[in-house]
Amino acid sequence: MLANRRIVLGVTGGIAAYKAVLLCRMLVDAGAHVIPVMTESAQRFVGKATFDALASEPARTSIFDDPDPIPHTTLGQTADLIVVAPATARIIGSYASGISDDLLTATLIATRAPVVICPAMHTEMWEHPAVQDNLKLLEQRGVHLVAPEEGHLAGGDLGAGRLAAPEAIYEAIENTLSNGDLQGRTVLVTAGGTREAIDPVRYVGNRSTGKQGYAVAEAAKARGATVTLISTVAAAAPNGVEVVRVESAAQMHAAVLERSEADVIVMTAAVADFRPVTASDSKIKKVEGPPKLKLEPTPDILAELGALKKPGQVIVGFAAETEDLASHAQSKLERKNVDVIVANDVSAPEVGFAYDTNEVTIFVADGCQRHVSLRSKRQIAEEVLDTVGQILVR
Ligand code: C5P
């Protein structure tokens, strides 16, 4: 999603400028081309050298001391997105009034790219009608706002006005750039591990927590899709996503097939491959000794979807492997007639079940494959949906 996108990172003078350093790092790690533009007061909080070292280009600080004779128009015209984090009351006011009094305001006024503004200031300033009116005006003009949080502010104060977390700003940038490419599409996502009953209290299960599936559902929603999430976990429904709760592979099978008309189906769930042939109606007593479990295969939902696949539909499977990642993924693509297999080596550190991060290789039926290095599950979701988007427009 962010690879090779030109992002101007505006940094203004507030204590939260240190968080812009983390944001810069996250954007560069995601492959974005980041050009910091610092106001004079930003440089009192964080040194230019810090951004010079981390960003894709040295930080820019002035219209007049720049090698480019017209840096603001060059920056404004070539940016894919401008984010201002932190944004002070001063920059918000100048931008809203069209006053170009430094390189950053000049760049903001010289661009047609989407702009994300992330205010940070003391509560009194944040609540001042002038600031609120300026923000309203900017929002009416299509500027994206990442509202500040409540929390500790400079000087030990507590209240609204703390800069949003770099992760939240990163997500807003992704949402803004995704530009609704799944608008009008229906997306069905499955999440979590299934539980196959042994008796009313015991089950055969796996370590899946559903985090990757939820991230896919959230990302698809942010891209404008109508999303249904079939989930085995009790986590809160992502905003605007319909959630259908299931427990077993059989229930997931029924819920998915009922909705198999979706334009895109992402089978992120870790569906059990085997289940007890019979489940006892009552709790098996310990004194009876360990039960002899006889297992049978569950329906392979992904393979069934592949067999039923309608023209233009995109089906994505996940493959959690501990060895021979590539050959297993390739054979799954063919065997199950699916478009994409997202393979992860769940034995690697911080990868797969329960972690907030993942590292995957995306295998596409046309033979393309792409490795996505360790990053948040949301970022992995964006990469998967980028691939889906490319297949949909073919
Ligand atoms: O073949 P394997 O089970 O490793 O494939 C994993 C993929 O298949 C995942 O996308 C999972 O959701 C799906 N799957 C399924 N039905 C099963 C087992 C796995 O749809 N019974």
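Q: What is the order of the strands in the open sheet of 8 strands?
A: Strands of a sheet pair through backbone hydrogen bonds, either parallel or antiparallel. In this predicted model, the order is E12-E11-E8-E13-E16-E17-E18-E19, and the pairing is mixed.

Q: How many bridges join strand E11 to E12?
A: Strand E11 (residues 226-231) and E12 run parallel and are joined by 4 bridges. Thr 228 stands opposite Glu 242 in E12.

Q: Which strands does helix H11 lie across?
A: Helix H11 (residues 249-258) lies across strand E8 (186-191), E11, E12 and strand E13 (264-267). Helix H11 runs at about 175° to E8. Helix H12 (residues 301-308) lies across E13, strand E16 (314-321) and strand E17 (340-345), at about 155° to E16.

Q: How many cavities of 30 Å³ or more does a search of the whole structure find?
A: Rolling a probe the size of a water molecule over the atoms shows where empty space is left. Here the search finds 1 cavity of 30 Å³ or more, and the volume of the largest cavity is about 30 Å³.

Q: Which residues line the largest cavity?
A: The lining consists of Met 1, Leu 2, Ala 30, Tyr 170, Glu 174, Arg 375, Gln 379 and Glu 383. By class, these are 4 nonpolar, 1 polar and 3 charged. Helix H9 (166-178) and helix H14 (377-392) each supply at least two of the lining residues. Domain 1 (6-177) and domain 2 (186-392) each contribute at least three.

Notes:
Residues numbered from 1 in each chain as written. Predicted model: local features only at pLDDT ≥ 70, side-chain atom pairs only at ≥ 80, totals over all residues. Heavy atoms only, no water. 1 Å grid on protein atoms, 1.4 Å probe; cavity = no way out; pocket = protein on both sides within 12 Å on 5 of 7 lines; lining within 4 Å. Points joined across faces, edges and corners; volume = space filled by probe spheres on them. Nonpolar A, V, L, I, M, F, W, Y, C, P; charged D, E, K, R; others polar. Domains from an automatic or database assignment. Pairing = 2+ DSSP bridges. Contact = heavy atoms within 4.5 Å. Axes fitted to C-alpha atoms, helices over the stretch in contact; angles between N-to-C directions.
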